[in-house]
Each structure stands twice: as structure tokens, then as C-alpha cells.
Amino acid sequence: MAENITLDAVKKCLRDFPLEARELYLNKTVPCLEQPLSPLEFYREWIGPNKPCVIRNAFSHWPALSKWNPSHLREVVGSKVISVAVTPNGYADAVNQDRFVMPEERLMTFSSLLDVVEGKVESRGVFYVQKQCSNLTEELPELTGDVETHIPWMSEALVHKDHYENLYCVITGEKHFILLPPSDRPFIPYEHYQPAVYRQREDGDFDVVDVADSDKVPWIPLDPLKPDLELYPDYRLACPLHVTVKAGEMLYLPSLWFHHVRQSHGCIAVNFWYDMEYDIKYNYFQLVESLAGAVGPL
């Protein structure tokens, strides 16, 4: 009996913890700043509290905003060979039934990619440039002069840091984000999946091929666009934030926040990552994550 009471008490704490976070400091929507703040102000008001915001007029001086259209890109980098992620449905690194499936990585010229994006060539599947080690600097250095190599006020605010704090700069199109704060971790399910990759056949259909000799991947099985609340009832208690980031706008996506991203057709964005600070907030999150994984459904 004592063990059951203790477990129930822990579950109640995990249910109450996110609610208190919302009451104390979290915003009900993602605020929009009309211009960047000073490094100290940004750290104090957004990085320290670990809260997202959209920032306008932060990179309006970048030539990329006016230059990065299909005709210019064909002229400057059309012949360059780049790595492109290809999936049947646009979901890269995502759960498909009982597998965690990564995209097929394909080498092709930038002009060939634009032919697919502009509909000049029919091709089944969704093509997406998403290389994590930086497509821009590694594969398309000819374009780096059209953007900054870093965000000066963010670099000053996060001196001596690397990636994980994310500044998401949309050049063309729109990005649609669903954000969940780390305090909602008790309501977010995790399962372990066999990793696999997509392979497109000659007839255009895709196979799912297991990655041999690999550990299972912990991943969130729930689709936030259509959550199965019968299977994952605790997600009813989560409080997702929806925000659209338009061309010329920047999203500050804090470390540890859960996120789901969609985009308009042909959208182009540039990311800047800075390391999170492994301070007491990280310790608290690790504690909540361990407890949430240990106690199971709330």
C-alpha cells in the first residue's frame, strides 16, 4: 500500500509541475519582437527563462532575402552536387508504424532539385535539403556571402557556446511550428524503435529497410497534428504552442523544447545553433525525464 501511495504522489507531482510552469512564467502564445534586443536583454528575457519568441527585422540586411530565387540559385549553384533527403511523405527522421525511418540520402545537382521543386520534372516523393552538418557552408559556400556567418548579438549573449539554442531564419516561404515546453515532458510519450531508412524502387514506391546492427532509437510516437488521445491520454494535459514564421522573420527556439515543423512549398531557411548551458535547468529536466520514464502513464 505504501508503495502505491508513493507512486501516486510522484505522478501527481509530475502532473502539477507543468501546470505550475505555465502559471509562473510560460506564455500562452509565442511573442513577437519587432527588433532584436541587446545581448544582455535577450539573455535575461528569453534565453535564461528558456522561452521562445519570433524576432522581426533581425536580418533584413541579408542579400539572401532578395537574391535567393530559383533563377539566381540556378545561375550561381545550379551545377553543384548536393545531398538531398527523399521520403514518400515529407517526414524525415520520423516514426512509421514500428520503425524509426530516416530519409534516403541522394546526391543530385541543385538544378535537378529545383526541377523537382518547380514541377518541371515529375518525381514521386518529397525532396528536402536538411543535412545536419550544414549544407550551406559545406556544399554551397558560394551562397554564404548572402547571409551572416553568425548572429552577432546572439554570439555575444552565448559566448563560449556551441549548438542547441536555435535561431531559425526564414528566407522564403513559411515555417509552421508546434512547440511544447520541456515542462510538458510528463505528458509526452516515448517508445523505442528499430532504425530504418527509405529506399525508392524503380517503380517509384518506397521500401523501408532496417539498419543492421544498430540500437533502438527513443522517439515520440505521437503525431501532434492528429494525436491519438485514446492511446496517449496524458497528452490531453499538454499545452502546445502554434506559431508561423514568415519570410524575413526569425524564431528563437530554446534548448530542450519539443518541436514539430512543417513548411510551405519551396521554403528556404537558415539555422544557427548555439550550445545550451548545462546548468540547473538541464538538471531539472533530466530529473523530470527520468521520473516520467520510470512511472509510466499518469
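1. A word on confidence to begin with: pLDDT is the predictor's confidence in each residue, on a scale from 0 to 100. This is a predicted model, in which local features need pLDDT of at least 70 and side-chain atom pairs count only at pLDDT 80 or more, while totals for chains, interfaces and linings use all residues. Residues are numbered from 1 along each chain as its sequence is written, and side-chain values use heavy atoms, with hydrogens and water left out. The protein chain has a mean pLDDT of 91, and 96% of its residues reach 70 or more. Helices (H or I, at least four residues) and strands (E, at least two) are DSSP runs numbered from the N terminus. Among these elements, strand S2 (residues 53-56) has the highest mean pLDDT, 98, and helix H6 (residues 135-139) the lowest, 84.

2. Next, the main core. A nonpolar core is a set of buried Ala, Val, Leu, Ile, Met, Phe, Trp, Tyr and Cys residues joined through side-chain atoms within 4.5 Å; buried means under 20% relative accessible area, exposed over 50% and partly exposed in between (1.4 Å probe, protein chains only). The largest such core holds 43 residues, and those touching the most other members are Phe 42, Trp 68, Ile 151, Trp 153, Met 154, Leu 167 and Met 250. Helix H5 (residues 110-117) gives the most to this core, four residues. At least three residues come from each of domain 1 (16-63 + 149-189 + 232-297) and domain 2 (69-145 + 191-219), with bounds taken from an automatic or database domain assignment.

3. Which residues is Ile 151 in contact with, leaving aside its neighbours within four places in sequence? They are Trp 62, Leu 167, Met 250, Phe 272 and Tyr 274, where contact means heavy atoms within 4.5 Å. A second, separate core has 15 residues, including Phe 177 and Leu 241.

4. Now the sheets. Strands pair if DSSP finds at least two bridges between them. An open sheet of five strands runs in the order S1-S2-S14-S8-S16, with mixed pairing. Strands S1 (32-33) and S16 (268-275) are at the edges with a single partner strand each, so one side of each has no neighbour in the sheet. S1 and S2 run parallel and are joined by two bridges; Leu 33 has Ile 55 of S2 as its bridge partner.

5. Strand S9 (residues 174-180) deserves a look, since five of its seven residues are buried. Six antiparallel bridges pair S9 with strand S13 (residues 241-246), where Ile 178 stands opposite His 242. S9 is also joined to S15 by six bridges, again antiparallel, and Phe 177 has Val 261 of S15 as its bridge partner.

6. Last, the rings. Rings of Phe, Tyr and Trp (its six-membered ring) pair if their centres lie within 6.5 Å, and planes under 30 degrees apart count as stacked, over 60 as edge-to-face and the rest as tilted. The structure holds nine aromatic pairs. Phe 42 and Trp 153 make an edge-to-face pair, 5.0 Å centre to centre with 70° between the planes. Phe 42 lies in helix H2 (residues 39-47) and Trp 153 in helix H7 (residues 152-157), so their pair ties together parts 111 residues apart in sequence.
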